[in-house]
Amino acid sequence: MNLCLLCSLFAGAASAKEVPQIGNVLSRETSSLNGRWNYIVDVQEEGYYDYRMNPTRWGFFRNAKPQRPEDLIEYDFDKAASMQVPGDWNTQDERLFFYEGTVWFKTSFPAAVSKDDDYRTLLYFGAVNYDCRVWVNGHEAGHHIGGFTAFNYDVTDMLQNGENVVIVKVDNKRKAEAVPTQIFDWWNYGGITRDVMLVKVPKTYIENYKLQLEKADAKAKQREISFSANLDKALAGQTVTVSIPELKLTKQLVTDAEGRVSGSLSVASKKLELWRPENPRRYRVDVSLDGKTAEGLTVSDFVSDSIGFRTIETRGKQLLLNGQPIFLKGISIHEEKPNGGGRANSTQDAHTLLSWAKELGCNFVRLAHYPHNEYAVREAERMGILVWSEIPVYWTIAWTNPQTYQNAERQLTDMIRRDQNRANVIIWSIANETPHSAERDQFLSRLARHARSLDNSRLISMAMEVTGASNYKNRLQDNMHEYVDVVSFNQYIGWYRDVNDAPKMTWEIPYDKPVIVSEFGGGAKQGLHGEKNQRWTEEFQENLYRENCAMLDKIEGLSGTTPWILKDFRSPRRVLDGIQDYYNRKGLFSDEGQKKRAFYVLRDWYKGK
């Protein structure tokens, strides 16, 4: 790895702090730390707990080497095996396929350090699953919990001339108070699963920004684009400029005492081409910072983005994109690599999966059950695919645990902060299949209010659970209907219950809101054929889809579906030898990308929508 990054060095003891997730990191000057990292499997966490008992001697993070022949040091990263980062350990080391516990990772890189204090260096992780601690040159940078959102540390004062060492302790053990909780139906891939980068930023920089097209009457001659931004610190009197060159729009704003700005840009309606699936138009947007501090120091920063403009709203049981009704022809997707499994982590992975969705006729995807890689969201935006984005509040969360709520709220915040400028993201989802209770309602209603406080330009939803049917009548009842904009629910008629009874089913949705059936489907092993009433055959799945599509056509206010699921994916819950083999087989594609017969049923149904 040949990396050089100009970093500033400050006097005093080395220290770091986690700083809020930086917006649009892909626009920044970065140096990748991806590549081969050495790793040590630490089943009993000796490398961490021995340090806590005897901090002067132990601790894998020290990367210690024997100084004398008699020195006892029982680990050596440089002699350890290596694996690719980003990546999961389950599919890179067969010994770790089922492993849940601690693995230590180490990489090194050269840096040229100067005393130029105009710049800072952030150490950025796209995601680490699940609980991680980070050290730079033996100094602890920080501790992060949550497996699917980005985080970064200011490590400026930790860097040194010459070789620098980053060591990361990763622990993916499941816990009852975690988010997700102990039980979930996907593979618990451990590791540093997304990009690692050094990010160069000015001493004062634009931490995040947001642009949204305001709703307006269809005949309005002018449209307003709202803009807000904040600096990384409370600094008043700084000039922030936003410009959209193609629209010849420029606006200058001055920060308040909190280092924030807000305003709007006006554009003639006829000049503004709206983003939509058929024409995913985006505009270059530049945001810059120019000013001086009270001490007379110059501050400057610049970021650029490609942003589309659209509106999403509801009218009764209709969904309106840019003021026009739309039916969401969707599919659910897990973040697994096509053609072989493992955690997806690249634009190419995303493009392949999304291309399969486009083949199916989709204009919409549900990225389940956690925030997916930024590459996936951006590639979907480029390809004209709308997105439902979700946090892993899944099944039986510890509703009364304050730390669990704070964890969920942070993941929700980080998901929204990262993707708030992506035109294709139209739904923030706060939960999936959560059993009803007063404690659950309180937890989820807080999340819904928090999401709306961060972003009121998108819709709020969650995948509800239908709890029962009587005489083939299904009535959805959920107290959370008050807090969501779109009523969504999962149902598996023909699979988990009522096999072949879909033609008899009727549905009553007593809420004047659009309806999305967020899951339906059943399993089939690709290539296994038989009668339509023989489970696990492609013919069974094909018939299930045919009967479900006919049933769903009868639901008043149906505005979209996201069947479960695009492709087969790994799950430790699916143990049937010769059929499942630790795969959930509900995919319309096999894990190797082969279409099953049900694919064509759904594709033809979508053609008629």
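This is a predicted model: local features need pLDDT of at least 70, side-chain atom pairs count only at pLDDT 80 or more; totals for chains, interfaces and linings use all residues.
The largest nonpolar core comprises 86 residues. Within this core, the residues with the most contacts are I331, V393, I430, L444, L447 and F489. Beyond its neighbours within four places in sequence, I430 is in contact with I391, V393, L412, L444, L447, A448, I460, S461, M462 and M480. Another core, of 31 residues, lies apart from the largest one and includes V103, F109, L159 and V196.

Helices α2 (residues 347-359) and α3 (residues 374-383) have axes that come within 9 Å and cross at roughly 45 degrees. The two helices are therefore oblique to each other. The crossing of α2 past α3 is right-handed. On the α2 side, T347, A350, H351, L354, S355 and K358 make the contact, and on the α3 side Y375, A376, E379, A380, R382 and M383. Classified by residue type, this contact contains six nonpolar, three polar and three charged residues.

Most peptide bonds are trans, and most residues other than glycine have a negative phi. Two cis peptide bonds are described here. One joins V85 and P86, with omega about 5 degrees; P86 lies in the loop between β5 (82-85) and β6 (102-111). The other joins A368 and H369, with omega about -15 degrees, and H369 is in the loop between β25 (364-367) and α3.

Positive phi values occur at E45, about 55 degrees, and at E433, near 45 degrees. E45 is located in the loop between β4 (35-41) and α1 (46-53) and is buried, at 7% relative accessible area. E433 is in the loop between β27 (425-432) and α5 (438-454); with a relative accessibility of 12%, E433 also counts as buried.

Key: Residues are numbered from 1 along each chain as its sequence is written. Side-chain values use heavy atoms; hydrogens and water are left out. A nonpolar core is a set of buried Ala, Val, Leu, Ile, Met, Phe, Trp, Tyr and Cys residues joined through side-chain atoms within 4.5 Å. Buried means under 20% relative accessible area, exposed over 50%, partly exposed in between (1.4 Å probe, protein chains only). Contact means heavy atoms within 4.5 Å. Axes are lines fitted to C-alpha atoms, for helices over the stretch in contact, and angles run from 0 to 180 degrees between N-to-C directions. Helices (H or I, at least four residues) and strands (E, at least two) are DSSP runs, numbered from the N terminus. Angles under 35 degrees count as roughly parallel, over 145 as roughly antiparallel, 65 to 115 as roughly perpendicular and the rest as oblique. A crossing is left-handed if the near helix is turned anticlockwise from the far one by less than a right angle, and right-handed if clockwise. Ala, Val, Leu, Ile, Met, Phe, Trp, Tyr, Cys and Pro count as nonpolar, Asp, Glu, Lys and Arg as charged, and the others, Gly among them, as polar.
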